[in-house]
Amino acid sequence: MDLMEKGDLDEKLRYAFELYDFDKNGVITKSEIEIIIRMVLSLRGEANNDRLKSDIMKHLNQFIEKFDENGDMKISQDEFCRICSQDDYLREFLSPNFSA
């Protein structure tokens, strides 16, 4: 089954979470998000763009505050799925196929 075409929204979000949870411990940490940001910047050829890095880090802190509902500085799969399922922008950002 092609999850991105046939899976329901919850399945797609849980799959996305698993991709971002590098150490497979069931939570996404700030350091894991920083790794994702560095990888994306590198792929875009912007690894040395300090201004962009700074802007992204500001947004990173806002992102964690939005997702981290219980204040433990970790984003659980349930927190991730709940917030993404309620936020059109995040669903679009994660994948153009993430429609309800």
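A crossing of two helices is right-handed if the near helix is turned clockwise from the far one by less than a right angle, and left-handed if anticlockwise. The model on screen is predicted, and the tour begins with a crossing of this kind.

**Stop 1: α2 and α5**

Select helix α2, residues 9-20, together with helix α5, residues 77-86. Their crossing is right-handed. The two axes lie 9 Å apart, and the packing angle is about 130 degrees.

From α2, select Leu9, Asp10, Leu13, Arg14, Ala16, Phe17, Glu18 and Tyr20; from α5, select Gln77, Asp78, Phe80, Cys81, Cys84 and Ser85. Coloured by class, the residues of this contact come out as eight nonpolar, two polar and four charged.

**Stop 2: the salt bridges**

How many salt bridges does the structure hold? There are two, and Arg14 takes part in each of them.

Start with Asp10 and Arg14. The closest N and O atoms of this salt bridge are 3.0 Å apart. Both residues belong to α2, and a spacing of four residues puts them about one turn of the helix apart.

Through shared partners, the salt bridges join Asp10, Arg14 and Asp78 into one network.

Asp10 counts as partly exposed because its relative accessibility is 37%. Arg14, at 26%, is therefore partly exposed, and Asp78, at 44%, is so too.

**Stop 3: α3 and α4**

Clear the selection and pick helix α3, residues 30-43, and helix α4, residues 50-67. The axes of α3 and α4 come within 11 Å and cross at roughly 145 degrees. This crossing is right-handed.

For the side chains here, select Lys30, Ile33, Glu34, Ile37 and Leu41 in α3. Across from them in α4 are Leu52, Lys53, Ile56, Met57, Leu60, Asn61, Phe63 and Ile64. The residues of the contact of α3 with α4 comprise nine nonpolar, one polar and three charged.

Technical notes
Residues numbered from 1 in each chain as written. Predicted model: local features only at pLDDT ≥ 70, side-chain atom pairs only at ≥ 80, totals over all residues. Heavy atoms only, no water. Axes fitted to C-alpha atoms, helices over the stretch in contact; angles between N-to-C directions. Helix = DSSP H or I, 4+ residues; strand = E, 2+ residues; numbered from the N terminus. Contact = heavy atoms within 4.5 Å. Nonpolar A, V, L, I, M, F, W, Y, C, P; charged D, E, K, R; others polar. Salt bridge = Lys/Arg side-chain N within 4 Å of Asp/Glu carboxyl O. Buried < 20%, exposed > 50% of the residue type's maximum accessible area, 1.4 Å probe, protein only.
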